[in-house]
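The sequence and structure come first.

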Amino acid sequence: MTTHSPDPVLLGRLADVAVHVGLNLQPGQDLVLTAPVEALPLVRQIAASAYRAGAGVVTPLLSDDEIARARFQNAQEGSFDRAPDWLYAGMAQAFENGAARMAIAGADPMALAKEDPEKVSRANKANSMAYKPALEKISNFAINWTIAAYPTVGWARQVFPDLPEDEAVARLADAIFAASRVKNDDPVAAWAEHNAALRTRSAWLNDERFDALHFTGPGTDLMVGLADDHEWHGGASSAQNGVTCNPNIPTEEVFTTPHAHRVNGTVRATKPLSYNGALIEEIEMRFENGRAVDARSSSGETVLHSMVDSDEGARRLGEVALVPHRSPISDTGLLFYNTLFDENAACHIAMGQCYSKCFLDGASLSADEIAAKGGNTSMIHVDWMIGGPDTDIDGVRKDGTTVPVFRKGAWAN
């Protein structure tokens with residue numbers, strides 16, 4: 001067991017960034033917090049920071065990889081089609097009552113790698129269905145929410161397999177602190193500057209009103225139609241409750257909603273995807289009229305197929321995001337085995353649910369109106385990386401004319 005503990009000063013800064021920048025927690029607001037049990041040092045600092053900020057009640061919900069494995073090794077067959085719907089109904093009620101949501105990432109990405117993938121898939125499907133009432137409050141951006149990260153031993157082992165545990169955890173902690181901008185003397189000011197830069201990028205894209213984006217690169221020739229009345233976002237955004245927050249700590253992306261029926265061509269992943277205890281490598285998909293009609297990979301293909309077959313919307317896109325190849329996370333050269341970090345190292349697309357906030361006046365749109373504009377619906381939202389140093393992107397206007405957006409993995413303007 002590692003004896004390394006992350007720097008408490010930097011951990012405190014991360015807690016303050018998560019509360020004040022990530023959530024922008026409001027006085028009197030409750031907080032529902034999920035985290036791996038190993039992340040208790042950060043959870044405690046977050047609770048203290050939240051209460052100093054005037055939080056009503058902070059409710060932590062802790063998970064444990066050993067308990068998760070115990071289920072797959074010992075539970076009866078019927079267990080894998082069940083989920084704690086009562087818990088998620090309670091979370092949805094908390095959000096309805098105005099609570100904020102924070103998740104601490106850090107679980108061992110390969111914790112279930114040796115378990116029966118069919119059982120893992122069934123359990124995840126049951127969990128996704130039960131979580132939907134709470135997830136809708138998040139995907140619709142009804143509340144202020146955020147995700148941050150903590151360096152657990154299991155995660156550090158995956159990222160740095162050749163290092164001793166102490167050193168692996170220390171290296172992962174340093175990478176998390178750097179990407180989360182808490183190594184600056186004034187992290188809040190650093191985040192304000194970063195958010196302004198992302199806001200400039202998204203404002204340019206919103207002014208251009210492209211009809212589609214054309215991605216080209218090794219193995220990729222993909223036309224991604226953009227949803228009608230789509231809106232680009234990046235960095236800080238205002239939730240429907242009026243609170244401006246940063247949903248991801250860290251973040252390097254600007255993103256919007258593709259049209260669920262106007263995606264055509266082929267695309268190849270530029271990074272592996274860690275999903276449901278499997279590492280899915282060299283993903284390739286072919287899209288026709290928005291639907292992935294062919295999905296393959298060199299490893300983890302069974303898990304990939306179960307993902308895209310989760311429901312009717314799982315084979316269509318819910319997000320497209322632009323990230324320059326020379327982002328701070330990409331420059332580490334690391335595969336984090338965690339989408340919060342890996343998606344911020346490369347341009348990416350997401351299978352499944354769209355974000356209603358990525359439409360003009362999205363908060364006022366019904367589900368039917370969002371669907372009519374091209375927004376996708378699904379119980380999954382899985383990002384995978386398609387950008388790199390050889391990625392070119394053109395913005396395509398309705399009249400067919402094009403504007404360079406990315407060249408060789410970098411912004412063209």
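## Helix H1 against H2

H1 crosses H2 in a right-handed manner (the near helix is turned clockwise from the far one by less than a right angle). This is a predicted model: local features need pLDDT of at least 70, side-chain atom pairs count only at pLDDT 80 or more, and totals for chains, interfaces and linings use all residues. Residues are numbered from 1 along each chain as its sequence is written, and side-chain values use heavy atoms, without hydrogens and water.

The axes of H1 and helix H2 (residues 40-52) come within 8 Å and cross at roughly 50 degrees. On the H1 side, the contact (heavy atoms within 4.5 Å) includes Leu 11, Leu 14 and Val 19. On the H2 side, Leu 42, Ile 46 and Arg 52 are among the partners. By class, this contact has nine nonpolar, four polar and two charged residues.

## Helix H1 against H8

H1 (residues 8-23) also packs on H8 (residues 187-208), at about 50 degrees with axes 10 Å apart. H1 and H8 are therefore oblique to each other. The crossing is right-handed. Arg 13, Val 17 and Val 21 of H1 meet Pro 187, Val 188 and Trp 191 of H8. By class, that gives five nonpolar, no polar and one charged residues.

## Ser 378

Ser 378 sits in the loop between helix H11 (367-372) and strand S18 (381-385). Ser 378 is buried, at 4% relative accessible area (the cut-off is under 20%, with a 1.4 Å probe and protein chains only). Beyond neighbours within four places in sequence, Ser 378 contacts Asp 311, Gly 313, Ala 314, Gly 352 and Gln 353.

Definitions and conventions: Helix = DSSP H or I, 4+ residues; strand = E, 2+ residues; numbered from the N terminus. Buried < 20%, exposed > 50% of the residue type's maximum accessible area, 1.4 Å probe, protein only. Axes fitted to C-alpha atoms, helices over the stretch in contact; angles between N-to-C directions. Parallel < 35°, antiparallel > 145°, perpendicular 65-115°, else oblique. Nonpolar A, V, L, I, M, F, W, Y, C, P; charged D, E, K, R; others polar.
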